[in-house]
Amino acid sequence: MHRGLNIFAHQILRYSSIIPIKGTLFYPQFNPFTRRANGFALFRLFSFTSVHRRVPDPDDPANLMKEDGVSVCSQMWIENFREPDRIVTNLTSYLRRFELWVLAYQKVCADEIGTYMPRSSITRSALEDLLALRNAVLDNRFKWGARLQFFIKSPKDKTDYESLSKRKIKAILTTTQPAPFQDKLVQEVLFMILEPIYEARFSQKSFAFRPGRNAHTVLRVIRRSFAGYLWYIKGDLSAILDGLKVGLVISALMRDVRDKKVIDLIKVALVTPVITSPVDGGEKKKKKKRKYQKKKVLAEDEPKPDPYWLETFFGFAPEEAEKLPSWGHCGILSPLLANICLDELDRWMEGKIKEFYRPSKSDVIWNSPEGEAEQGNTSWPEFVPTSGPDKTRKMDYIRHGGHILIGFRGPRADAASLRKQLIEFCDQKYMIKLDNESLPIEHITKGIMFLDHVLCRRVVYPTLRYTATGGKIISEKGVGTLLSVTASLKQCIKQFRKLNFLKGDREPDPQPCFRMFHATQAHTNAQMNKFLSTMVEWYRYADNRKKVVNFCSYITRGSLAKLYAAKYKLRSRAKVYKIGARNLSRPLKERKGQSPEYQNLLRMGLAESIDGLQYTRMSLIPETDYTPFPSNWRPDHEKALVEYIRLDDPKTLEEQRSCIAEQGLVSPQDYISMLVWNYKRNAIVMDQLSLVKSAASNTTGDHQLSSSNHENYDPGSREEEEAEEGLHASQI
């Protein structure tokens with residue numbers, strides 16, 4: 001073999017003056033008669049042999065991921081917020097973007113297995129299956145609710161569906177099963193495409209099932225905007241969340257989206273029936289009680305169930321936030337579709353608010369013909385001064401899911417008239433029959449229950465005159481009203497009773513929570529501390545936050561004390577508090593014999609530290625949060641989007657250039673010094689333009705003063721100037 005190779009090389013060296021390579025002639029740069037040049041030519045020949053490069057495969061998943069999925073989503077949000085009123089026609093192009101499918105796979109896997117899966121850890125087979133699912137959706141081969149045939153399976157699903165018995169196949173096909181993994185992927189992709197489109201269009205009056213908005217936002221808006229209203233309509237439209245006709249949903253969707261592929265996907269998801277287990281009307285079979293039940297061992301990729309404290313807090317969900325819409329096979333798309341349908345009601349109510357507004361000049365707080373939102377005392381919006389008999393008629397509206405709240409400042413007849421129009425609107429648009437009982441009109445003095453908080457009014461009286469017999473009110477007429485948002489203690493007791501934490505109404509008696517019987521004292525206390533911290537956050541904006549949280553702490557502490565009394569055979573709560581202290585931080589069962597004490601074991605790391613219960617005293621509970629809430633409030637992500645779009649606009653750059661040319665640049669230190677000096681001098685706050693102009697005028701005056709003759713200085717003119725400046729400041 002070596003000899004053949006030498007002969008082959010010798011022949012090449014003999015005739016190496018011209019070497020053809022890939023259809024062209026290669027001329028060596030060195031002398032062809034030298035052996036060194038011929039060797040270099042041979043080296044170039046073997047080094048640059050023609051290689052047939054493979055053309056990139058368009059169906060290769062690695063070649064389709066050209067961009068990050070998060071950046072694609074961000075671009076969609078920016079485009080829709082830049083042009084919120086345009087009709088979207090081409091969504092199939094986003095449906096083809098494989099980056100969105102990979103991002104949806106990561107999000108759904110995080111829900112399935114409980115951990116985030118980076119893109120680098122996704123297997124090649126999973127990417128190929130994901131590409132097959134995308135192609136099936138684009139080619140109309142995807143079917144919602146498939147039970148046995150899947151394009152892609154969950155990472156934790158190890159079932160071999162081809163080897164299943166007929167009995168198991170029948171059970172899968174006829175009983176209620178969780179949504180398939182591939183259905184969740186398609187729902188997630190559609191949600192990522194549709195959410196930015198409608199979030200730019202939704203009304204600012206709706207707060208449920210939207211990012212950055214929650215029940216706390218509703219309570220803060222009520223405290224900010226509903227002061228001074230006398231009559232309220234509290235409506236329950238949760239029947240819409242149970243489901244609407246497919247035609248109504250599709251027509252509402254097609255107001256802004258005209259893409260046939262996306263519309264057909266959602267329509268098929270709504271029409272395809274969901275298979276559920278039949279309800280047996282006969283006698284129920286008695287379950288045999290097992291003497292000993294083995295503890296369930298979770299698989300490696302199986303997510304842990306919700307902890308006890310979280311289950312307990314979910315039991316406190318108010319009526320308005322309890323129902324979650326689920327339409328057909330839409331899954332997480334259902335809340336978005338419900339908001340799309342109810343957005344027509346929000347827009348209709350916004351028009352009615354403008355029609356209803358009738359300003360009165362004699363009104364103290366709302367007297368502007370335009371109905372500006374910033375009227376009144378913005379630092380204390382709950383207080384409304386008493387007006388004359390001719391008051392401004394005003395109305396406001398808010399919606400949380402399927403529950404609405406409308407406030408009126410005016411006669412009850414106006415509220416009754418709007419209720420009649422609202423019933424007709426819901427009958428025409430949503431084909432829902434409402435009556436006066438489902439839309440009751442209530443006065444503020446009775447207390448309005450919304451999101452487990454009671455809206456009530458307190459009358460503020462003038463200053464008391466103290467005499468020898470005690471305080472006496474100067475005038476029975478109040479100077480104004482104060483809107484109070486308080487947590488309902490009655491509703492709190494009801495929720496605790498539902499969770500078996502107490503019994504009785506007038507004198508609630510805590511009951512032991514036996515679900516934590518087998519847990520250690522440290523683990524039980526930690527669970528209840530998390531629950532109490534969550535309750536403190538839930539009642540953050542309630543006026544009686546300290547009172548209601550103190551009651552929750554009392555019930556929780558009493559329940560744990562009864563549990564420990566039964567577990568450690570201490571007979572009474574008093575004995576538990578005596579050993580374990582008021583916050584149950586001391587160990588209730590110490591080891592007998594020669595073992596060290598608890599403190600020594602804790603120091604050596606052989607014992608688990610026990611955290612005492614929080615908020616055992618009223619002074620430890622934080623105060624109510626009265627942070628001012630702006631009238632034009634928007635979530636942080638929307639603020640960032642609007643600011644980015646504004647800065648990206650060329651007009652903004654031109655405005656900044658012209659502003660700098662007119663005003664010049666002012667350093668932050670100079671600006672703050674001018675602001676402080678101006679406030680000390682005139683006791684008013686001025687904007688940046690006024691500050692710069694005043695600073696420029698002061699500088700000019702100083703130059704003129706220095707150039708003038710000191711002999712012509714007149715003290716009287718100086719006093720006149722100061723008087724004029726003071727008059728100008730008072731006018732401002």
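**Reading the model**

Modeller: Start with confidence. This is a predicted model. The protein chain has an average pLDDT of 79, and 73% of the residues reach at least 70.

Biologist: Where in the protein chain is confidence lowest, and where is it highest?

Modeller: Strand β2 (residues 24-26) is lowest, with a mean of 36. Helix α9 is highest, at 95.

Biologist: Which stretches have a pLDDT below 50?

Modeller: Residues 40-52 are one of them. That stretch makes 12 contacts in the model beyond near neighbours in sequence. Residues 726-732 also fall below 50. There the model has 3 such contacts.

Biologist: Now helix packing. How do I describe two packed helices?

Modeller: Use the angle between their axes and the distance between the axes. Take α7 (residues 124-138) and α9 (residues 181-199). Their axes come within 11 Å and cross at roughly 65°. An angle of 65 to 115 degrees counts as roughly perpendicular, so α7 is roughly perpendicular to α9.

Biologist: Is the crossing of α7 and α9 left-handed or right-handed?

Modeller: Right-handed. On α7, the contact uses L130, L133 and V137. On α9, Q182, L185 and V186 take part. By class, 5 of these residues are nonpolar, 1 is polar and none is charged.

Biologist: Last one, A416. Where does A416 lie?

Modeller: In helix α15 (residues 412-429). A416 has a relative accessible area of 26%, so A416 counts as partly exposed.

Biologist: How far is A416 from I441?

Modeller: Their C-alpha atoms are separated by 7.6 Å. Along the chain, A416 and I441 are 25 residues apart.

Conventions
Residues are numbered from 1 along each chain as its sequence is written. This is a predicted model: local features need pLDDT of at least 70, side-chain atom pairs count only at pLDDT 80 or more; totals for chains, interfaces and linings use all residues. Side-chain values use heavy atoms; hydrogens and water are left out. Axes are lines fitted to C-alpha atoms, for helices over the stretch in contact, and angles run from 0 to 180 degrees between N-to-C directions. Helices (H or I, at least four residues) and strands (E, at least two) are DSSP runs, numbered from the N terminus. Angles under 35 degrees count as roughly parallel, over 145 as roughly antiparallel, 65 to 115 as roughly perpendicular and the rest as oblique. A crossing is left-handed if the near helix is turned anticlockwise from the far one by less than a right angle, and right-handed if clockwise. Contact means heavy atoms within 4.5 Å. Ala, Val, Leu, Ile, Met, Phe, Trp, Tyr, Cys and Pro count as nonpolar, Asp, Glu, Lys and Arg as charged, and the others, Gly among them, as polar. pLDDT is the predictor's confidence in each residue, from 0 to 100. Buried means under 20% relative accessible area, exposed over 50%, partly exposed in between (1.4 Å probe, protein chains only).
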